[in-house]
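These are my notebook entries on a structure that I looked up. I kept each entry to a single topic.

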Amino acid sequence: MKLHWVTVIATSASCLKMPNNSRHFWYTSSSAQAIADYADILIHIKKKLRARYSPVIAVGGSYGGMLASWFRLKYPHVVLGALASSAPILYFDDITPNDGYYAVATRDFQEESQSCYETIKESWDEMDRIASLPDGLSTLSKKFNTCRCSSVQFVIRLLCQGIDGAPKGSDILSRISEGIASARKGHLSCLSVSFDDSESETYEGWSWQTCTEMVMPIGRGNETMFFPSPFNLTEFNQQCKRSYGVEPRPHWSTTYYGGHDIKLVLERFGSNIIFSNGLKDSYSSGG
């Protein structure tokens, strides 16, 4: 009988579909349930198509990459291998430094332009100073032409070109403004600074997961170009209780999937898994 290859494309966080009733959250956004469903579906399809010996490869990126690697680890009898791209499976417990994500982003900007990096790093104190003044927030809004439109995908090179190309003698905020204008490249009329994605199924689904099983302690110290914002588990717990009435389980992922001593684990049980990352990918710090 001729063998046919079957490839499973694991979902990304942007594919999470959440119902309005939070009682169904566990079923629809549990990683364990997701890969169990994949296994059940594949077994059914292979039986239906009489393709029992057809190899299966799991492929995914970001959250989907995590699912792909975990699928191979948990169901080696169902999938022959996995390609996990940008899969931060080590961003749990204390395996990866909390500021790993932002450290990589900082390095990306430094490699592109040292002056761009320094301008961004110095801008936070200046924005705080202006924001504390009477009508300071209004001043910042006018400076950056803010609005509530769709989010902007900042391109590092374009942003730094704008910052470095600002007129000589421009103050810090003017250089930042030039960078933002360059990054937008005329696609948007204003800059979105809103983090209110409460209507987004993706936002709700991923927020629920981070409040239950995907507790990734991503934070920022003083070593990056971003303003400090350390991860605080106590505050995170309180936020999750307010939002969903649940208490995070910070050690669930490493207990269920592993993570500590990952090299030894993969050598023993995790053959045929390819982890791929771009050098500028911030999640490469955790996987």
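Entry 1

Is glutamate 122 buried, partly exposed or exposed? I found glutamate 122 to be partly exposed, because its relative accessibility is 43%. I used these classes: buried means under 20% relative accessible area, exposed over 50%, and partly exposed in between, with a 1.4 Å probe and protein chains only. I am working from a predicted model, in which local features need pLDDT of at least 70 and side-chain atom pairs count only at pLDDT 80 or more, whereas totals for chains, interfaces and linings use all residues. Residues are numbered from 1 along each chain as its sequence is written, and side-chain values use heavy atoms, with hydrogens and water left out.

I located glutamate 122 in helix 5 (residues 114–131). Helices here are DSSP runs of H or I with at least four residues, strands are runs of E with at least two, and both are numbered from the N terminus.

Entry 2. Surface patches.

I looked up which residues gather around a negative charge on the surface, and the patch consists of Glu118, Glu122, Asp125 and Asp128. A patch takes residues with over 30% relative accessible area and no salt bridge; like charges are joined within 9 Å, and nonpolar side chains (Val, Leu, Ile, Met, Phe, Trp, Tyr) within 5 Å. Asp and Glu count as negative and Lys and Arg as positive, while His and the chain ends are not counted. The place of a charge is taken as NZ of Lys, CZ of Arg, CG of Asp or CD of Glu.

I also noted a nonpolar surface patch of about 290 Å², made by Ile41, Ile45 and Leu49. Accessible areas come from the Shrake-Rupley method with a 1.4 Å probe, and for residues only the protein chains shown count as cover. Leucine 49 sits in the loop between helix 2 (31–48) and strand 2 (56–61). With a relative accessible area of 60%, leucine 49 is exposed.

Entry 3. Salt bridges.

How many salt bridges does a search of the whole structure find? The search returns four. The criterion is a side-chain nitrogen of Lys or Arg within 4 Å of a carboxyl oxygen of Asp or Glu.

I recorded a bridge between the side chains of arginine 107 and glutamate 111, at 3.8 Å from N to O. These two residues are separated by about one helical turn, because they are four residues apart in helix 4 (residues 100–112). Glutamate 111 is exposed at 54% relative accessible area, whereas arginine 107 is partly exposed at 35%.

Next I examined arginine 129 and glutamate 126, whose closest N and O atoms are 2.8 Å apart in a salt bridge. Both lie in helix 5, three residues apart, which is about one turn of the helix. Arginine 129 is partly exposed at 43%, and glutamate 126 is partly exposed at 24%.

Lysine 241 forms a salt bridge with glutamate 247, with 3.7 Å between the closest N and O atoms. I classed lysine 241 as partly exposed, since its relative accessible area is 46%.

Entry 4. Helix 3.

Why do I describe helix 3 as largely enclosed by the rest of the structure? I do so because 10 of its 12 residues are buried. The buried residues of helix 3 include Tyr63, Met66, Trp70, Phe71 and Arg72. I also compared the length of helix 3 (residues 63–74) with expectation: at 1.5 Å a residue its 12 residues should span 16 Å, and its end C-alpha atoms are 16 Å apart, which agrees. The expected span is 1.5 Å times one less than the number of residues.

Entry 5. Contacts across the sequence.

Leucine 266 is placed in helix 12 (residues 262–269) and is partly exposed at 21% relative accessibility.

Entry 6. Positive phi angles.

I noted that serine 86 has a positive phi of about 50 degrees although it is not a glycine. Serine 86 lies in the loop between strand 3 (81–85) and helix 4, and is buried at 14% relative accessible area. Aspartate 93 likewise has a positive phi of about 50 degrees and is not a glycine. Aspartate 93 is found in the loop between strand 3 and helix 4, and counts as buried at 18%.
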